[in-house]
Amino acid sequence: MKCSSKKKGFKSIQAMMLGLSVIGLTACGTDKEQSAPAVTDAKSLTLQDIETKAKAEGEVNSVGMPDSWANWGETWQEVTDKYTLKHTDTDLSSAEEIAKMETEKENATADIGDVGISFGPIAEGKGLTIPYKTSYWDEVPEWAKDDDGDWVVGYQGTIAFLTNKELVKNPPKSWDDILNGDYKVTVGDVQRGAQNQMAVLAAAIAYGGDETNLKPGIEFFTKLAKEGRLSLTDAKPANIEKGEVEVALVWDFNALGYAEQINRDQFEVSIPSEGSVVSGYATIINKYAKHPHAAMATREYILSDEGQINLAKGFARPIRDVELPKEVAEKMVPKEQYEKAKPIEDYKAWEETVKTLPQLWQEEVLVHVK
């Protein structure tokens, strides 16, 4: 359920949101598992030290990093082969990942997670992270990493339209096209997910808003809800393949990945012409991880040239400036479509705004969903 959007000063609405998401999550494990392995300050470890310890741990367990998302499947295959690890993933939204780590604490079942960038500082602020910068640290843009390495973005995404051409004769290329259409638009769970919350911000940006002003985006989705055209279904391959999704608002890498997985010719992927938002996903290493060095080695691989190219194979744009193989670059959305897509300029402002979004969405949009 990695459908989802996510920073410090985690209060009121956002706190309630995470609180709700832990329902049904129970701590587990034997008495022997009550404390996580001691982690030496990563600054005092060489990369060889980390890799040796990772191999000794023999396992790495992730959350929110499923095979179908951004080509994680191939990344996990190479990570497990390189370090001789066993791997499992539990597919969760960003909020649920943090809630799971906070609830389980010493009984941790997760070593590493992948969260929307605004959720990285939330995890850090809750004291749930182990700082690790990796040997590629200086090549990561300042906006995409924490000063100490508590979180770091591995790849970028831009909110795009994924249209099933068998269900929609005239695929939308703009937000106005959507308003003038007669099909349903799938946005997913805006109260919990990074991807879904960013879709609201993307619409806001298109109509003059920004990270401090979501009103234009809320008004856009309210119109769709009142017309009975807003779907809260998850835009997952299984639902798309069954014909349950006409137009979905998802990251460009998910749109391209899902289309490729099902039937590329059946779908159109477009970056909305009026504007969209560029953001990123960050890895967080669980403070209570049972396999912390395996998690560090995983982050190291993700930011390597090979790891960045793997993400691009899953249509996610690398955070480092790496040269992509021609056959990979050619499958991406044309660069000219990104002309009006803009990154968040003030993540602290977004952090404050996103706290109010779940309640705003409930009061202004969900009340009209038919």
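Reply: A salt bridge here is a side-chain nitrogen of Lys or Arg within 4 Å of a carboxyl oxygen of Asp or Glu. Aspartate 252 and arginine 317 form one, with the closest N and O atoms 4.0 Å apart. This is a predicted model, where local features need pLDDT of at least 70, side-chain atom pairs count only at pLDDT 80 or more, and totals for chains, interfaces and linings use all residues. Residues are numbered from 1 along each chain as its sequence is written, and side-chain values use heavy atoms, with hydrogens and water left out.

Me: Where do aspartate 252 and arginine 317 sit in the chain?

Reply: Aspartate 252 is in helix α10 (residues 252-262) and arginine 317 in strand β10 (residues 317-318), so the pair links distant parts of the chain, 65 residues apart. Helices (H or I, at least four residues) and strands (E, at least two) are DSSP runs, numbered from the N terminus.

Me: Is aspartate 252 buried or exposed?

Reply: Aspartate 252 is buried, at 1% relative accessible area. Buried means under 20%, exposed over 50%, and partly exposed in between, with a 1.4 Å probe and protein chains only. Arginine 317 has 24% and counts as partly exposed.

Me: And how many residues of α10 are buried?

Reply: Nine of the 11, so α10 is largely enclosed by the rest of the structure. Among them are Phe253, Leu256, Tyr258 and Ile262.

Me: How many salt bridges does a search of the whole structure find?

Reply: The search finds 15. One of them joins lysine 313 and glutamate 74, with the closest N and O atoms 3.1 Å apart. That pair also links distant parts of the chain: lysine 313 is in helix α12 (residues 305-313) and glutamate 74 is in helix α3 (residues 72-83), 239 residues apart.

Me: What is the relative accessible area of lysine 313?

Reply: Lysine 313 has 38%, which makes it partly exposed. Glutamate 74 is also partly exposed, with a relative accessibility of 28%.

Me: Which glutamate meets lysine 326 in a salt bridge?

Reply: Glutamate 330, with an N to O distance of 4.0 Å. Lysine 326 is exposed at 62%, and glutamate 330 is exposed at 57%.

Me: Which residues are linked in a network of salt bridges?

Reply: Glu139, Asp305 and Arg320 are linked in one.

Me: Changing topic. Where is aspartate 146?

Reply: Aspartate 146 is in the loop between α5 (120-125) and β4 (152-164). The residue is buried, with a relative accessible area of 8%.

Me: Which backbone nitrogens does its side chain reach?

Reply: The side chain of aspartate 146 has a polar atom 3.1 Å from the backbone nitrogen of glycine 149. The side chain of aspartate 146 also reaches the backbone nitrogen of aspartate 150, at 3.0 Å.

Me: What does aspartate 146 touch, not counting residues up to four places away in sequence?

Reply: Glu124, Trp137 and Trp151. Contact means heavy atoms within 4.5 Å.

Me: Last one. Which strand holds glycine 280?

Reply: Glycine 280 lies in strand β9 (residues 276-285) and counts as buried, at 0% relative accessibility. Leaving out residues up to four places away in sequence, glycine 280 touches several residues, including Val115, Ile117, Tyr155 and Tyr347. The C-alpha atoms of glycine 280 and isoleucine 319 are separated by 8.2 Å, and these two residues are 39 apart along the chain.

How values were computed. Polar contact = N/O pair within 3.5 Å; in protein donor to acceptor, adjacent residues only side chain to side chain.
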